[in-house]
Amino acid sequence: MDAIRIRGGVALKGNVRISGAKNAALPILCATLLSDGESLLRNVPALRDIETTAALLRFLGRGVTVASPEVRVAAGSDIRPEAPYELVKQMRASVLVLGPLVARFGRAKVSLPGGCQIGARPIDQHLKGLEAMGCSIRLERGYVLAEGPSGGGRLRGAEVVFDMPTVTGTENLMMAAALAKGRSTLVNCAREPEVEELGRVLNKMGAEVNGAGTDVIHIVGSDRGMLAPFDHAIISDRIEAGTYMVAAAIGLGSDVTLKGAEMNDLEALVVKMRAAGVDIASEGQDIRVRRDKPLRAVNVTTGPHPGFPTDMQAQLMVLMTLAAGESVINETIFEHRFQHVPELQRMGAQIALRGNTAVVHGVERLYGASVMATDLRASASLVIAGLVADDETEVRRVYHIDRGYERIEEKLRGLGARVERVKGAEA
Ligand code: EPU
């Protein structure tokens, strides 16, 4: 297994280009199932999760060509509406094929994703919504078996009220509703920019989606039985951008410009980082991040967009390990999202954990260590800690980082960091 080795102590300087958004690309790749013909996705990041989705679409019967940053998806001759456990267990977002498959082909067999490192992550809201659209759902041997009305017929538009905003749940039901008969109204939807982006693509495909990006989405299902193929460039990745913002801010004297990053999507993070003493400015299509004064502690509570993103909690915590004062960090979205805490403690951070709250007391310095984490964002936070720690840090099990950060070591090296990938390091 590869590791990332970092010699800390360099304040980052220069430009880094932000890649396309993983969590926008994944549902959009799945939306190709609603059409035939060839769709072209541009600005797709070269990531393991994209490869996994391509493998899943191929398994289903599609022709997928990945030539980063472009992905082409063509209709194959036959569709096999089944997502096997081997693929779903690699990536929970595979559940995003459920809505499109049952809406388009009348049936789907999709492995239940099961829990993962950051929490139980049920999909009851996805299933409840599909049932409201007339789907019959059975759970059998770890699989969801879904069938359209009267043994595989067309879904019916419905009103669905989510118990909580769910990103992939909202996306699954938007795709299902796009081919259902009549009008659907989805209430208490996730408002993430990735949901809004899926709405834009569905509209390009000929669907009638209104309100994506707000908490109520109206969709009129197409009577044509399928949508049209599309050509679309994916928005930039706000979480990758946020991660480089924190990486930039961790070293005193840094000056980094994020090329092609959208500041509006990062408001909650920007507000907190500014309060912590980081200088952040929007410059056209770019964001410039500088730090020339000591860090101050801020409190953070994660929440659905436009609240503070859970996907940035681990990275912001690293910043707080070096801030003057006490920072209280509340995680409200996932129950086990503090895997970075014991690893940061090994690097000298002072963090006390009480349930879903971490209390961080800033320290003078972090020390390099051999660390690892078993989720994507926690692993990224350890790389950031390594950038500022004394001596050498080795972050193991880098395959988690490769799920969500394109060429992270190259991008960081481009900013002056002393980072290398060690092939086949000890797990
Ligand atoms: N939830 C339920 N029932 C459901 C669905 C969700 O109880 O049927 C709960 C979850 O357990 C959680 C909350 O609702 O407590 C919100 O979860 P959500 O469904 O929004 O998460 P997701 O759609 O599975 C997406 C991102 C995650 C990101 C979360 C929260 C994708 C592919 N994944 O997951 O991204 O953390 O939204 O913003 O879009 C990552 O990129 O590292 C990542 C984990």
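A polar contact is a pair of N or O atoms within 3.5 Å; within protein, one atom must be able to donate a hydrogen and the other to accept it, and residues adjacent in sequence count only if both atoms are side-chain atoms.

The structure shown is a predicted model, in which local features need pLDDT of at least 70 and side-chain atom pairs count only at pLDDT 80 or more, while totals for chains, interfaces and linings use all residues. Residues are numbered from 1 along each chain as its sequence is written, and side-chain values use heavy atoms, with hydrogens and water left out.

First, the ligand. A polar side-chain atom of Asp124 lies 2.8 Å from a nitrogen atom of the ligand. Arg121 places a polar side-chain atom 2.9 Å from a ligand oxygen atom, and a polar backbone atom of Gln125 is 2.7 Å from an oxygen atom of the ligand. How much of the ligand's area does the protein bury? Taken alone, the ligand exposes 830 Å², and the protein buries 87% of that. These accessible areas come from the Shrake-Rupley method with a 1.4 Å probe; for residues, only the protein chains shown count as cover.

Around the ligand there are 21 residues, of which Gln125, Thr166, Thr168, Asp311 and Ile333 come nearest. Here a residue is near a molecule or strand if one of its heavy atoms lies within 4 Å of it. The elements that give two or more residues to this shell are α1 (22–31), α5 (124–132), α7 (167–177) and α13 (376–388). Among these, α5 gives the most, with three residues. The element names follow DSSP runs, numbered from the N terminus: helices are H or I runs of at least four residues, and strands are E runs of at least two.

Next, the interior. A residue is called buried under 20% relative accessible area, exposed over 50%, and partly exposed in between, using a 1.4 Å probe and protein chains only. Helix α4 (residues 98–105) has seven of its eight residues buried, so it is largely enclosed by the rest of the structure. Those buried residues are Leu98, Gly99, Pro100, Leu101, Val102, Ala103 and Arg104. Gly106 follows α4 and has a positive phi, near 80°.

A nonpolar core is a set of buried Ala, Val, Leu, Ile, Met, Phe, Trp, Tyr and Cys residues joined through side-chain atoms within 4.5 Å. The largest such core has 72 residues, and those with the most contacts inside it are Leu258, Met273 and Leu412. Apart from that core lies another, of 71 residues, among them Leu47, Leu98, Met175 and Leu198.

Two buried residues with polar side chains also deserve attention. His232 is found in strand β14 (residues 231–233) and, at 6% relative accessibility, counts as buried. Its side chain makes polar contacts with the side chain of Glu197 at 2.7 Å and with that of Lys204 at 2.8 Å. Arg238 lies in helix α9 (residues 238–249) and is buried, with a relative accessible area of 9%. Leaving aside neighbours within four places in sequence, Arg238 is in contact (heavy atoms within 4.5 Å) with Glu192, Pro193, Glu194, Asp265, Leu266, His305 and Pro309.

Finally, the salt bridges. A salt bridge is a side-chain nitrogen of Lys or Arg within 4 Å of a carboxyl oxygen of Asp or Glu, and by this rule the count comes to 32. In one of them, the side chains of Lys423 and Asp2 meet at 3.3 Å, N to O. Lys423 is exposed, with a relative accessible area of 64%.

Both residues belong to a network of salt bridges that links Asp2, Asp402, Glu409, Arg421 and Lys423. Beyond its neighbours within four places in sequence, Glu409 is in contact with Ile4, Val419 and Arg421.

Elsewhere, Arg138 and Glu140 form a salt bridge at 2.4 Å, N to O, with Glu140 partly exposed at 38%. Thank you for your attention.
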